[in-house]
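Keep the sequence and the 3D view open while reading.

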Amino acid sequence: MLRPGLLWRRWLRPGIARVPAENLGCREAASGVPPLGSTSPGALNIFDRGLKRKQKNWAAKQPEPTRFDYLREEVGNQIADRVYDIARDFPLALDVGCGRGYIAQHLNKETIGKFFQTDIAENALKNSLETEIPTVSILADEEFLPFQENTFDLVVSSLSLHWVNDLPRALEQIHYVLKPDGVFVGAMFGGDTLYELRCALQLAETEREGGFSPHISPFTAVNDLGHLLGRAGFNTLTVDTDEIQVNYPGMFELMEDLQGMGESNCSWNRRALLHRDSMLAAAAVYREMYRNSDGSVPATYQIYHMIGWKYHDSQARPAERGSATVSFGELGKLNLMSQGKESQ
């Protein structure tokens with residue numbers, strides 16, 4: 001996958017009409033947006049949520065925001081494909097941390113009846129992409145969803161949950177607003193995301209300054225994600241990983257794109273400024289260690305895809321322990337007996 005827009009092509013599902021985004025409703029749910037810097041009780045306060053809101057608002061107001069949408073477009077399309085794989089319609093759906101609506105544009109009104117989109121950045125909601133689905137945009141935080149219990153048939157989320165301070169609470173909130181037998185389909189960045197950039201910065205800073213500071217935010221491990229989904233109440237879980245590699249002219253172009261995506265670091269323990277010498281050294285290290293044959297440098301984005309269902313009596317359930325009537329050893333004998341009969 002290459003960074004330049006001329007070499008990046010996005011394939012849309014056929015039969016999707018386009019409706020101007022300005023015709024869609026947009027309202028603010030004040031109860032869903034906590035004061036800047038607030039977190040749920042007992043949560044680790046890792047990220048500056050107020051700064052993240054400013055970063056996303058700044059990115060959405062740029063003259064050419066679509067220039068930096070390539071990654072979110074791709075992951076949004078992958079989530080939409082997973083929604084289409086579920087053989088049912090969803091009268092009411094919710095997108096948590098929607099950004100400019102990267103999932104809605106790939107869905108159609110035959111599958112989704114009405115789509116609620118929430119994000120902490122009002123500029124992203126105002127500049128949302130076009131979709132044919134009736135849509136309501138709501139300013140709300142992922143950890144404080146302003147909806148009643150058992151409201152939505154489907155909840156989706158794309159590349160947003162890695163910035164929340166209390167991921168267990170966010171998943172519990174999603175489970176809370178789902179109807180019984182409702183499904184959550186989401187994606188978030190994984191632990192190996194941007195490992196090339198992280199390594200180059202650490203090596204350069206250690207060599208130039210005798211130590212290094214964290215410049216890339218921490219990510220959740222895939223094993224922890226499965227446990228968190230189960231603890232939030234989801235069952236019939238599916239968690240898988242994918243990697244998207246994007247080639248850039250150099251490290252500085254990568255960092256420019258991260259800023260344009262609204263993905264700059266917002267950890268409280270981040271270092272405000274980097275020395276010029278350290279930055280130049282990091283760019284050289286990056287190129288020396290990871291350079292492609294054509295002179296570009298790769299950046300790896302690890303994506304965790306997850307699907308979880310809210311319990312309902314109609315769902316298939318595993319049999320109780322000890323209820324089996326045939327052991328695994330006897331199954332092997334039955335197979336041998338059937339093969340013997342066929343040979344006769």
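Strands S3 (residues 112-119) and S4 pair in the parallel sense, over five bridges. One of the pairings joins Phe115 to Thr135, its bridge partner in S4. The model is predicted.

**Strand S4**
- S4 covers residues 135-139, and five of its five residues are buried, so the strand is largely enclosed by the rest of the structure.
- Both faces of S4 are covered.
- On one side sit Thr135, Ser137 and Leu139, and on the other Val136 and Ile138.

**Helix H2**
- H2 takes in residues 70-85.
- Twelve of its 16 residues are buried, so H2 is largely enclosed by the rest of the structure.
- Among the buried residues are Tyr70, Leu71, Arg72, Glu73, Val75 and Gly76.
- Asn77, Gln78, Ile79, Ala80, Val83 and Tyr84 are buried too.
- The buried residues of H2 pack against several strands: S2 (90-96), S5 (152-158), S6 (178-189), S7 (235-248) and S8 (297-309).
- They also pack against a helix, H7 (251-260).
- The length of H2 fits expectation: at 1.5 Å a residue, its 16 residues should span 22 Å, and its end C-alpha atoms are 23 Å apart.

**Gly76, inside H2**
- Gly76 lies in helix H2.
- Gly76 counts as buried because its relative accessibility is 0%, against a cut-off of under 20%.
- Leaving aside residues up to four places away in sequence, Gly76 touches Tyr102, Ile103, His106 and Ser158.
- Ser158 is 82 residues from Gly76 in sequence, yet their C-alpha atoms are 6.3 Å apart in space.

**Two residues with positive phi**
- Most residues other than glycine have a negative phi.
- Leu194 has a positive phi, near 55 degrees, and is not a glycine.
- Leu194 sits in the loop between S6 and helix H5 (195-209).
- Is Leu194 buried or exposed? Leu194 counts as buried, at 7% relative accessibility.
- Thr236 also has a positive phi, about 50 degrees, although it is not a glycine.
- Thr236 is found in strand S7.
- Thr236 is exposed, with a relative accessible area of 53%; the cut-off for exposed is over 50%.

Definitions and conventions: Residues numbered from 1 in each chain as written. Predicted model: local features only at pLDDT ≥ 70, side-chain atom pairs only at ≥ 80, totals over all residues. Heavy atoms only, no water. Helix = DSSP H or I, 4+ residues; strand = E, 2+ residues; numbered from the N terminus. Buried < 20%, exposed > 50% of the residue type's maximum accessible area, 1.4 Å probe, protein only. Contact = heavy atoms within 4.5 Å. Expected span 1.5 Å × (residues − 1). Pairing = 2+ DSSP bridges.
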